[in-house]
Amino acid sequence: MKKKTLIVIITCILLIGIIIIVYHAVGGKKPFKDLEPTEIVSATVRVTPPDITIQIVEIEELTGYLNDVVIYNEDNSYTEYSGQGVIFTLSLSDGTQTEAIAYNPFFVIDGVGYKTKYEPCQALNEYANRLLNDENANIILEEPPGLTVISDETAFDTLLGAYSWQKRNSDGTATETQADSPHPLDCENWLLKFETSETTATLDFAENPSSILNIQCWNEKHWNDHDASSENIAIDSYEIELKPGGYIYEVVAEWDAQKSGYGGIAHYYFYIKVLGNEQ
């Protein structure tokens, strides 16, 4: 009789264990269910693509979305997926930092991936994209944004030259970084050589500047000649007129750091040869 009772007890324990395992596997858990807005000192979200980071102001709204997140079994196969991810970085009051990535059907916490419930994860993704599309969003620019030039339906990257850049620290102070570069006419070996049949090109910044301070160019016959005179180029809504033949162009743009604490002045170089009408 005692043996049968022991078997029954063991069986019950095993069944309870199985039920707990199944519950956690199917029911999931909420890793941020107890997180309070007061515990978050600051928060940012990086939306990639287009690789833009935004300072989050409404911490309480963010906390509500995080409270609802449900994760299931650990699954790091998210590295094999492609698509848009939104990366939240939380600086907490205890001095720690947590990174959470909403990447349906995965949710990643400090580098560990989990399968996740679709709706809460999607809500976080949509929230991040609303911030991205808000014209008053506080864009964080840790360094000068990239510049792509588009002509003849082809896009190519430019070379980042000298810049002076300010970024805000977590304690409210600011750090300024200075970077020098060779003269544009010394960059022959680093510039991509691009040819076009068009006479115009469009400047496509990863984040548009507050203003474009200057655009100038030099004929390619003046490579390595610092005394060569440059010509100024006019711009109309980010579209520029190209000079006939091969020219080295320099764009100088400014991002106002007053609003977000991030910004400065950056120089960009590129080379374009306009075919069919060379000088």
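This report walks through the charged contacts, a surface patch and the cysteines of a predicted model.

The model is predicted, so local features need pLDDT of at least 70 and side-chain atom pairs count only at pLDDT 80 or more, while totals for chains, interfaces and linings use all residues. Residues are numbered from 1 along each chain as its sequence is written, and side-chain values use heavy atoms, with hydrogens and water left out.

**Salt bridges**

Let's start with the ion pairs. A search of the whole structure turns up four salt bridges, each defined as a side-chain nitrogen of Lys or Arg within 4 Å of a carboxyl oxygen of Asp or Glu. Here are some of them:

| Pair | N to O distance |
|---|---|
| E61 and R130 | 3.6 Å |
| D75 and K115 | 3.7 Å |
| K243 and E231 | 2.8 Å |

The E61 and R130 side chains form a salt bridge. This pair links distant parts of the chain, with E61 in helix α2 (residues 59–67) and R130 in helix α3 (residues 118–133), 69 residues apart. Helices (H or I, at least four residues) and strands (E, at least two) are DSSP runs, numbered from the N terminus. E61 is partly exposed at 35% relative accessibility, and R130 is partly exposed at 43%. As for the terms, buried means under 20% relative accessible area, exposed over 50%, and partly exposed in between (1.4 Å probe, protein chains only).

D75 and K115 also meet in a salt bridge. The pair links distant parts of the chain: D75 lies in the loop between β3 (71–74) and β4 (85–92), and K115 in strand β7 (residues 112–116), 40 residues apart. D75 is buried, at 18%, whereas K115 is partly exposed, at 29%.

K243 sits in the loop between β18 (239–241) and β19 (245–255), and E231 in strand β16 (residues 231–232), 12 residues apart. K243 is partly exposed, with a relative accessible area of 22%, and E231 is partly exposed at 32%.

**Negative patch**

D34, E36, E39 and D94 form a negative surface patch. Patch residues have over 30% relative accessible area and no salt bridge, and like charges are joined within 9 Å. E36 is found in the loop between α1 (2–27) and β1 (40–48), and is partly exposed at 44%.

**Cysteines**

How many disulfides are there? The count is zero, where a disulfide is a pair of cysteine sulfur atoms within 2.5 Å. C121 is buried, at 1% relative accessibility, and C187 is buried, at 1%.

Conventions
Patch = residues over 30% accessible without salt bridge, like charges linked within 9 Å, V, L, I, M, F, W, Y side chains within 5 Å. Areas by Shrake-Rupley, 256 points an atom, 1.4 Å probe, with all protein chains shown as cover. Lys, Arg positive; Asp, Glu negative; His and termini not counted. Charge placed at Lys NZ, Arg CZ, Asp CG, Glu CD.
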